[in-house]
Amino acid sequence: MNPKLPSAAKAKDQAKRLRTKMAEDGTSIGHAKSLELVAHQHGFSDWNTMFAAIGKAPLKGWAIGDKVGGTYLSQPFTGHVVSISTLKPEWFRLELHLDEAVDVVTFDGFSNFRSRIRGVIGPKGHSIERTSDGQAHLQIDLW
């Protein structure tokens with residue numbers, strides 16, 4: 001089994017994305033089948049066994065110095081946690097120092113590079129705030 005298992009919510013999101021992608025490729029599967037396939041990808045015999053292993057436990061928190069990756073304003077990044085505070089269960093305020101600065105401006109004639117970012121992350125690993133195209137401002141990869 002994968003030692004870094006996703007949360008139940010993240011596993012369900014994986015199943016939804018899998019179902020959507022397979023439908024785009026011409027193979028329609030149901031929700032239950034997609035959950036089973038995700039469970040198999042993580043080394044479990046079925047969804048019920050995987051769900052029992054991950055349960056509805058809250059996300060594990062981060063610690064100062066932890067390596068993280070994800071996207072900030074649709075730009076991929078890696079970095080480490082500089083500060084963290086728990087706002088409520090599964091909600092964290094993070095400050096991150098990025099390994100390489102990211103350009104947060106999409107306009108070709110102007111750039112604004114940031115190497116430190118702050119954000120509030122919820123149970124699915126992303127911020128509530130969205131860009132005009134609907135993407136989360138900050139998305140942290142949870143595994």
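Helices and salt bridges

A: Just after H2, Gly 43 takes a positive phi of about 90°. Helices here are DSSP runs of H or I with at least four residues, strands are runs of E with at least two, and both are numbered from the N terminus. This is a predicted model: local features need pLDDT of at least 70, side-chain atom pairs count only at pLDDT 80 or more, and totals for chains, interfaces and linings use all residues. Residues are numbered from 1 along each chain as its sequence is written, and side-chain values use heavy atoms, with hydrogens and water left out.

Q: Which residues of H2 are buried?
A: Ser 34, Leu 35, Val 38 and Ala 39. Buried means under 20% relative accessible area, exposed over 50%, and partly exposed in between, with a 1.4 Å probe and protein chains only.

Q: How are they placed around the axis?
A: They cover an arc of only 145°, which puts them on the same side of H2. The arc is that of the directions from the helix axis to the C-beta atoms.

Q: What do the buried residues of H2 pack against?
A: H1 and H3. Contact means heavy atoms within 4.5 Å.

Q: Now H3. Which residues are buried there?
A: Trp 47, Met 50 and Ile 54, in a helix that runs over residues 47-54. Seen down the axis of H3, they fall within an arc of 65°, so they line one face of the helix.

Q: Why would that spacing give one face?
A: An α-helix has 3.6 residues a turn, so residues three or four places apart point the same way.

Q: And what's exposed on the other side of H3?
A: Asn 48 and Ala 52.

Q: What covers the buried face?
A: The cover includes helix H1 (8-24) and helix H2 (31-41).

Q: What happens at the start of H3?
A: A side-chain oxygen of Asp 46 reaches to within 3.1 Å of the backbone nitrogen of Asn 48.

Q: Over to H1. What span should its 17 residues have?
A: At 1.5 Å a residue, 24 Å, and the end C-alpha atoms are 24 Å apart, which agrees. The expected span is 1.5 Å times one less than the number of residues.

Q: Which H1 residues are buried, and which are exposed on the other side?
A: The buried ones are Ala 8, Lys 10, Ala 11, Gln 14, Ala 15 and Leu 18. They cover an arc of only 160° around the axis, which puts them on the same side of H1. Lys 16 and Glu 24 are exposed on the other side. What covers the buried residues includes H2, H3 and strand E5 (138-140).

Q: Change of topic. How many salt bridges are there in the whole structure?
A: Four. The criterion is a side-chain nitrogen of Lys or Arg within 4 Å of a carboxyl oxygen of Asp or Glu.

Q: What does Lys 67 form a salt bridge with?
A: Asp 99, with the closest N and O atoms 2.9 Å apart. Lys 67 lies in strand E1 (residues 67-72) and Asp 99 in strand E3 (residues 91-103), so the pair ties together parts that are 32 residues apart in sequence.

Q: Is Lys 67 buried or exposed?
A: Exposed, at a relative accessible area of 59%. Asp 99 counts as partly exposed, at 44%.

Q: Which residues are linked in a network of salt bridges?
A: Glu 95, Arg 116 and Arg 118. Arg 116 meets Glu 95 at 3.1 Å, N to O. Arg 118 meets Glu 95 at 3.6 Å.

Q: And Glu 95, buried or exposed?
A: Buried, at 14%. Arg 118 is exposed, at 64%.

Terms used: Polar contact = N/O pair within 3.5 Å; in protein donor to acceptor, adjacent residues only side chain to side chain.
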